[in-house]
Amino acid sequence: MSLLDGHVVVVGLGFGDEGKGAVVDALCAARPTTAVVRFNGGAQAAHNVVVDGRHHTFSQFGAGTFAGVPTHLSRFVLVEPFALAAEARRLEAAGVRNPLSLLSVDGSALLTTPFHIHANRAREEARGANRHGSCGKGIGETVWYSLLPGAVPGAVVEGQEVIGTPGEAPTVADCATPSVLRRKLDALARFYAPLATPPHTVDELVALYRAFADAVRVTDGGETGRLADAGRLVFEGAQGVLLDQHHGFHPHTTWSTTTPHNARALLGGRPHTVVGVTRTYLTRHGAGPLPTESAAVLARFPEAHNETGDFQGAWRAGHLDAALLDHAIAACDGVDALAVTHLDATGLKVVTGDGSPAVDLPDPLAWFGERLPVAVTGHGPDRAGYRVAAARSTIDA
């Protein structure tokens with residue numbers, strides 16, 4: 001059995017933007033796949049895929065959509081229905097028929113609402129020059145509010161003051177029960193009133209979220225297991241391990257487990273392969289450390305789809321950093337193989353240790369291959385540029 005024939009967990013080994021979307025698309029196109037399962041993050045993901053001239057930046061839909069593979073959003077995903085509806089419209093314009101019919105969502109997944117988004121932006125803007133690098137999509141605020149039941153006004157939870165009396169966090173399943181959803185949204189509105197007020201009323205949100213619940217298939221927590229028993233799954237991670245809430249560099253982290261651990265929990269002990277995705281150089285969006293940052297690297301490798309974000313800030317680049325790569329692999333408790341992207345970049349350099357100068361990297365594929373098997377190679381977001389190897393190893397149990 002090939003390394004990639006069974007369940008595959010795809011994680012980014014950088015600060016995000018490693019090419020996870022293109023790798024997931026290539027894996028789905030190369031082997032029959034039952035579903036792509038998202039196991040962390042939310043609407044802040046931006047995974048670019050190009051197939052036959054069609055381009056889409058996948059956010060909440062899985063990057064196997066162009067290959068016709070359905071998406072399951074697990075309980076670890078933060079679901080933002082407004083952004084999801086907008087993404088469905090873009091996919092339909094790109095030729096995907098009835099995209100929402102390809103989607104199932106775990107009912108226990110948390111909802112990201114306009115209250116979370118506006119509060120997130122208000123906090124980040126108040127930091128001024130000490131911004132954390134937030135995407136402004138409400139991710140951290142959604143997780144934080146879910147931790148508050150029982151907390152009293154004035155208490156400090158995870159470094160933030162509780163500014164009112166919190167209620168229960170709304171979930172996807174609540175969207176089908178307007179009375180429950182309205183109660184939870186009313187509590188959210190009261191809680192966040194001192195910090196930020198979005199333009200939507202609670203009544204508007206209840207109606208819109210009810211329509212969302214009618215349009216997608218909402219499941220119980222056993223769906224991933226049923227899908228796994230039916231056929232091969234590809235688990236698509238969001239953000240990179242160097243942004244992980246436990247293994248990243250606080251405060252420039254995301255409130256999400258970006259390592260494979262959520263996927264492993266969903267698989268419940270089933271055999272799988274972990275593929276770590278890395279560019280041949282390092283990139284980062286917005287504020288936070290990038291030790292090997294180089295203006296020359298940034299100038300040499302312009303991006304077709306990544307640029308300065310309206311809220312998050314500048315797109316940055318630097319040399320490959322061996323110490324950070326090893327740190328990311330260790331944070332995953334090891335990976336079974338690598339997917340190396342942007343192999344079309346030339347004149348590369350690598351920093352092999354702290355304080356070491358950058359040295360030439362004439363054969364990046366050989367350098368990565370000395371560390372781990374390379375199962376996927378590619379350049380850019382176009383499927384035509386990717387090769388999925390029939391690796392020699394057996395699947396790790």
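Tutor: Happy to; we will go through the cavities and then turn to a pocket. This is a predicted model, in which local features need pLDDT of at least 70 and side-chain atom pairs count only at pLDDT 80 or more, while totals for chains, interfaces and linings use all residues. Residues are numbered from 1 along each chain as its sequence is written, and side-chain values use heavy atoms, with hydrogens and water left out.

A word on terms before we start. On a 1 Å grid over the protein atoms alone, a cavity is a set of points where a 1.4 Å probe fits but cannot get out; a pocket is an open set with protein on both sides within 12 Å along at least five of seven lines; and lining residues have an atom within 4 Å of a point. Points are joined across faces, edges and corners, and a volume is the space filled by probe spheres set on them. Helices (H or I, at least four residues) and strands (E, at least two) are DSSP runs, numbered from the N terminus. Ala, Val, Leu, Ile, Met, Phe, Trp, Tyr, Cys and Pro count as nonpolar, Asp, Glu, Lys and Arg as charged, and the others, Gly among them, as polar.

There are 2 cavities of 30 Å³ or more. The largest cavity holds about 50 Å³ of space. Around that space sit Gly14, Phe15, Gly16, Glu18, Thr278, Arg279, Tyr281, Leu282 and Thr283. Strands S11 (273-279) and S12 (282-285) are the elements giving two or more residues to this lining, which divides into 3 nonpolar, 4 polar and 2 charged residues.

The second largest cavity has a volume of about 40 Å³. Its lining is made up of Leu13, Leu242, Thr278, Leu282, Leu320, Asp321, Leu324 and Leu325. By class, that gives 6 nonpolar, 1 polar and 1 charged.

Now for the open space. The second largest pocket contains about 370 Å³. It is lined by 24 residues, and those closest to its centre are Arg279, Glu303, His342, Gly380 and Pro381. Here the classes are 9 nonpolar, 8 polar and 7 charged. Helix H1 (20-30) and strand S3 (47-51) each bring at least two residues to the lining, with H1 giving the largest share, 3 residues.
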